[in-house]
Amino acid sequence: MKEFHWKDAVPLIESLIVKAGEGNVPVEVGSVPTELQCIGIGTDAAVFVHSASSRYAFKVYAEGLEKKRINEERAYQKLSGSSYYPIFYGSGERFIVISFESGIHLYDCLITGTYISPEVIEQVDKAVEEARLAGLNPRDIHLKNIILQGRTIKLIDVSEYVKPGNDERWEHLKEGYRLYYPLIASKKVSPKFLDFVKEQYEKQKLAGFSAKRFGRLLLPFVKKKEPES
Ligand SMILES: Nc1ncnc2c1ncn2[C@@H]1O[C@H](COP(=O)(O)OP(=O)(O)O)[C@@H](O)[C@H]1O
Ligand SMILES: [Mg+2]
């Protein structure tokens, strides 16, 4: 039998309807053919895997976001020498094809109580450094864009790396990890609480963010860690 090539999936990928909502909300996806599985939803795109091969992930951008596709493709081309990013295989007008990366992102690590070690943080720092060396400006690094794969990590969602400026998300996350992760390490955090944290972060970011002040606001909601028995 002929081996599956990502180009075989193009007609199905092009039949997908993906729409962006108002503001920073997840995209909406129309009906999905049985051969495809939606494995992730972001605010710009939805990501699919074809049943014939788990090697490829198809990131399909919402209508009108072709610029994001162009930016992301440019960034992936520059990142081809780094093992911290997916492999870029090709693209069409509304989608890119990259390697499917197994594992769970750090947001799901918090929800499932999967331990996030200091080595994870160090590796993200290395990935950021490699992107800088490749002439990019790493941005938009948040919990859902970091995939934990056993002892290593992959960074995804690089469309903003070609833009100037620093959104400081990664610096804030690191500071939060250093100050407060010991209180919740390996414990399950409720999605409701994480939504609350995100909402508060978006508010405080506008007025000059301080991880310490932010933590003081959230601490009353975090129960003290039970002593080890
Ligand atoms: N290469 C990949 N392998 C596995 N899962 C992926 C991959 N790319 C994206 N995802 C999943 O899809 C979600 C949305 O993709 P992302 O590139 O972050 O879209 P957006 O630019 O809209 O934020 C991610 O949070 C992740 O769960
Ligand atoms: Mg994303």
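Biologist: Quick one on Phe88. Is its side of the story buried, exposed or partly exposed?

Modeller: Phe88 is partly exposed, at 21% relative accessible area. Buried would need under 20%. Keep in mind that this is a predicted model.

Biologist: Which strand is Phe88 in?

Modeller: Phe88 belongs to strand E6, residues 88-91.

Biologist: And how far apart are Phe88 and Ala131?

Modeller: In sequence, 43 residues separate Phe88 from Ala131. In space, their C-alpha atoms are 15 Å apart.

Biologist: OK, on to the ligand. Which residues come nearest to ligand 1?

Modeller: There are 19 residues around ligand 1. Asp44, Lys59, Ser99, Glu101 and Asp157 come nearest.

Biologist: What does the shell around ligand 1 divide into, by residue type?

Modeller: Eight residues of the shell are nonpolar, six are polar and five are charged.

Biologist: Which strands each supply at least two residues of that shell?

Modeller: Strand E3 (36-41), strand E4 (45-50), strand E5 (53-61) and strand E7 (95-99) do. E3 gives the most, with three residues.

Biologist: Where does ligand 1 lie relative to the two domains?

Modeller: Ligand 1 lies between them, because domain 1 (6-99) and domain 2 (104-218) both give residues to its shell.

Biologist: Give me polar atoms. What lies 2.7 Å from an oxygen atom of ligand 1?

Modeller: A backbone N or O atom of Asp44. From side chains, a polar atom of Asp157 lies 2.8 Å from a ligand 1 oxygen. For a polar side-chain atom of Asn145, the distance to an oxygen of ligand 1 is 3.1 Å.

Biologist: How much of ligand 1's accessible area does the protein cover?

Modeller: The protein covers 93% of it. On its own, ligand 1 has 540 Å² of accessible area.

Biologist: Back to Asp157. Where does Asp157 lie?

Modeller: In the loop between strand E10 (152-155) and helix H5 (169-184).

Biologist: Is Asp157 buried or exposed?

Modeller: Asp157 is buried, because its relative accessibility is 18% and the cut-off is under 20%.

Biologist: What about phi of Asp157?

Modeller: Phi of Asp157 is near 65 degrees. That is a positive value in a residue other than glycine.

Biologist: What is phi of Ser186?

Modeller: Phi of Ser186 is near 65 degrees, also positive in a non-glycine residue. Ser186 sits in the loop between H5 and helix H6 (191-205). Ser186 is partly exposed, with 43% relative accessible area.

Biologist: Now Ser99. Where is Ser99 placed?

Modeller: Ser99 is in strand E7. At 7% relative accessibility, Ser99 counts as buried.

Biologist: What does the side chain of Ser99 reach at 2.8 Å?

Modeller: The backbone nitrogen of Ile87. The Ser99 side chain also makes a polar contact with the side chain of Glu101, at 2.6 Å. Both Ser99 and Glu101 are among the residues that come nearest to ligand 1.

Biologist: Last topic, packing. How many residues has the largest nonpolar core?

Modeller: The largest nonpolar core has 43 residues. Tyr85, Ile116, Ile153, Leu155 and Tyr161 have the most contacts inside it.

Biologist: Which helix gives the largest share of this core?

Modeller: Helix H4, residues 118-133, with six residues.

Biologist: And where does this core lie relative to the domains?

Modeller: This core lies between domain 1 (6-99) and domain 2 (104-218), because both give residues to it. As a general point, nonpolar side chains tend to be buried together in soluble globular proteins.

Methods: Residues numbered from 1 in each chain as written. Chains lettered and ligands numbered in written order. Predicted model: local features only at pLDDT ≥ 70, side-chain atom pairs only at ≥ 80, totals over all residues. Heavy atoms only, no water. Near = heavy atom within 4 Å. Polar contact = N/O pair within 3.5 Å; in protein donor to acceptor, adjacent residues only side chain to side chain. Areas by Shrake-Rupley, 256 points an atom, 1.4 Å probe, with all protein chains shown as cover. Helix = DSSP H or I, 4+ residues; strand = E, 2+ residues; numbered from the N terminus. Nonpolar A, V, L, I, M, F, W, Y, C, P; charged D, E, K, R; others polar. Domains from an automatic or database assignment. Core = buried A, V, L, I, M, F, W, Y, C linked by side-chain atoms within 4.5 Å. Buried < 20%, exposed > 50% of the residue type's maximum accessible area, 1.4 Å probe, protein only.
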